[in-house]
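Hi everyone, thanks for coming.

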Amino acid sequence: MTSDTSPETGRNSSVLRLSGHPKDLGGGFTVRRLLPAVQCRSVGPFIFFDHFGPVTVEPGAAHDVRPHPHIGLATVTYLFSGAIMHRDSLGYVQQIEPGAINWMTAGNGIVHSERRPESLADQPYVNHGIQLWAALPVAAEEVDASFVHTPAAAIPEVRVGDAVVRVLIGTAFGQTSPVATYAPTLYLDVQLPAGGVLELPALAPEMALYPVDAELLLDGEPLPDHTLAVLPAGAAAPVRLQAGDRAVRLMVIGGDALDGPRHMWWNFVSSRKERIVQAAGDWEAGRMKVVPGETEFIPLPEHRFRAD
């Protein structure tokens with residue numbers, strides 16, 4: 001998979017700024033894709049960053065994502081508003097709601113769908129959130145698939161100066177998330193009031209920031225909303241974040257660097273090209289488990305991955 005994500009440069013050229021690009025997932029459902037990018041393939045274990053919404057989902061809108069497969073990665077879904085009904089081939093049925101973390105380990109293979117909850121079938125609602133993919137360490141690429149829902153009430157929250165920080169994954173500011181991972185991983189939801197300041201320390205070897213809904217100042221330089229700012233790897237000094245005349249919500253992602261390159265095609269991720277070819281063949285031949293009660297599916301793309 002390639003990306004036309006474009007860089008934006010400022011006076012601080014050591015910070016890579018990615019503005020993303022729109023990606024149509026079908027049925028008029030468009031997301032803003034920040035990773036992967038030509039200039040940056042990953043931040044910590046995260047190899048994929050989609051920001052969707054805020055979008056009003058009207059009754060009858062075709063925003064459902066039909067059953068599709070994954071291998072070699074974990075999906076991380078987080079909502080600011082709205083709801084998504086998750087179903088997978090392990091039999092899990094979970095309504096994803098704002099503030100919760102939903103970690104689905106694909107490992108050696110899983111199939112899932114993401115649909116409108118039946119309780120919202122006849123009413124409009126606003127969906128807004130972020131989905132990340134974390135590449136599994138090479139030693140864990142073929143673990144058994146699993147799904148873990150961590151409710152919003154279980155996510156630690158701490159006030160740090162002017163900021164309110166939710167520690168979604170990993171450890172920060174004396175708080176540790178209950179979400180289990182396969183490698184050191186960082187994911188924070190930070191809210192700053194207008195004019196508020198946060199000194200953000202180097203919490204991981206690789207880190208990036210993403211203002212969701214308003215511009216902020218990063219070490220005194222403007223960082224527009226919807227821009228992923230990738231900090232220099234291994235930097236030890238803290239960065240100063242300051243909201244402007246509007247409150248701002250920002251996400252922080254990061255962790256240890258990946259333990260080697262990954263191949264990524266469609267919904268498959270692996271350190272081995274031949275494994276992606278195998279997964280594509282399994283999906284096309286119907287050898288992967290189905291989502292109970294679902295008969296629809298997303299077919300393979302016409303352009304096929306080649307291992308040579």
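Before we start, one term: when I say two residues are in contact, I mean they have heavy atoms within 4.5 Å. Also keep in mind that this is a predicted model.

So, contacts. Take those between residues at least 6 apart in sequence: in the protein chain, 70% of them join residues at least 24 apart.

What is the chain built from? There are 27 strands and one helix. Its radius of gyration is 19 Å, close to the 19 Å the globule rule gives for 308 residues, so the chain is as compact as a globular protein of that length. Buried residues make up 51% of the 308.

Now, the charges. Side chains of opposite charge can pair when their charged atoms come close. How many salt bridges does a search of the whole structure find? It's 16.

Here's one: Arg33 and Asp50, with N to O at 2.7 Å. Arg33 sits in strand β4 and Asp50 in strand β5, 17 residues apart. Both are buried.

Next, Glu142 and Arg272, where the closest N and O atoms are 3.9 Å apart. That pair links distant parts of the chain, 130 residues apart, and both partners are in loops. Glu142 is partly exposed, at 35% relative accessible area, and Arg272 is partly exposed, at 35%.

Then there's Glu157 with Arg166, at 3.7 Å. Buried or exposed? Glu157 is exposed, at 52%, but Arg166 is buried, at 9%.

Finally, salt bridges with shared partners join Asp64, Arg115, Glu294 and Glu296 into one network.

Key. Residues numbered from 1 in each chain as written. Predicted model: local features only at pLDDT ≥ 70, side-chain atom pairs only at ≥ 80, totals over all residues. Heavy atoms only, no water. Helix = DSSP H or I, 4+ residues; strand = E, 2+ residues; numbered from the N terminus. Rg over C-alpha atoms; globule rule 2.2 N^0.38 Å. Buried < 20%, exposed > 50% of the residue type's maximum accessible area, 1.4 Å probe, protein only. Salt bridge = Lys/Arg side-chain N within 4 Å of Asp/Glu carboxyl O.
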